[in-house]
Amino acid sequence: MNLRPLYDRIVLKRIEDTETTRNGIIIPDSAKEKPQEGEVLAVGHGKRLEDGRLVPLDVKVGDRVLFGKYSGNETRLSGTDYIIIREDEVLAILSADATPAVKTS
């Protein structure tokens, strides 16, 4: 990857999930909300405190995380969409055996 975030920033790629209703109707992309789950692709070196110390980040490359609906900045690089957020915008780190939530209407 040619993108390296600075300080406490994290580069994510959204994890897309298929969304269907109970009757099996597939909801079109234009009617869906963007997922709030992503995979960490790159992390910065850490957060710089006021006294100059560098605190390493809790998230690491490969983690699946939940983030706020309006968090971060979306960017496109080489045809792929990425989100760059600060570590404090990450709401939770999902365990490896967690399955994405499927919304039903």
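Trainee: How much of the protein is buried?
Mentor: Buried residues are 27% of the 105 residues. Buried is under 20% relative accessible area, exposed over 50%, partly exposed in between, with a 1.4 Å probe and protein chains only. This is a predicted model, where local features need pLDDT of at least 70, side-chain atom pairs count only at pLDDT 80 or more, and totals for chains, interfaces and linings use all residues. Residues are numbered from 1 along each chain as its sequence is written, and side-chain values use heavy atoms, with hydrogens and water left out.

Trainee: How many helices and strands?
Mentor: Zero helices, eight strands. Both are DSSP runs numbered from the N terminus: helices are H or I, at least four residues, and strands are E, at least two.

Trainee: Which sense do β1 and β2 pair in?
Mentor: Antiparallel, over five bridges, with β2 at residues 37-43. Pairing takes at least two DSSP bridges between two strands. Lys13 has Glu39 in β2 as its bridge partner.

Trainee: And what joins β2 to β5?
Mentor: Three bridges, and the two run antiparallel. β5 covers residues 64-67. Gly38 sits opposite Val65 in β5.

Trainee: Switching to Asp8. Where is it?
Mentor: Asp8 lies in the segment before β1, which spans 9-14.

Trainee: Why does Asp8 count as buried?
Mentor: Because its relative accessibility is 4%.

Trainee: What is Asp8 in contact with, leaving aside neighbours within four places in sequence?
Mentor: Gly46, Lys47, Leu57, Ile85, Arg86 and Glu87. Contact means heavy atoms within 4.5 Å.
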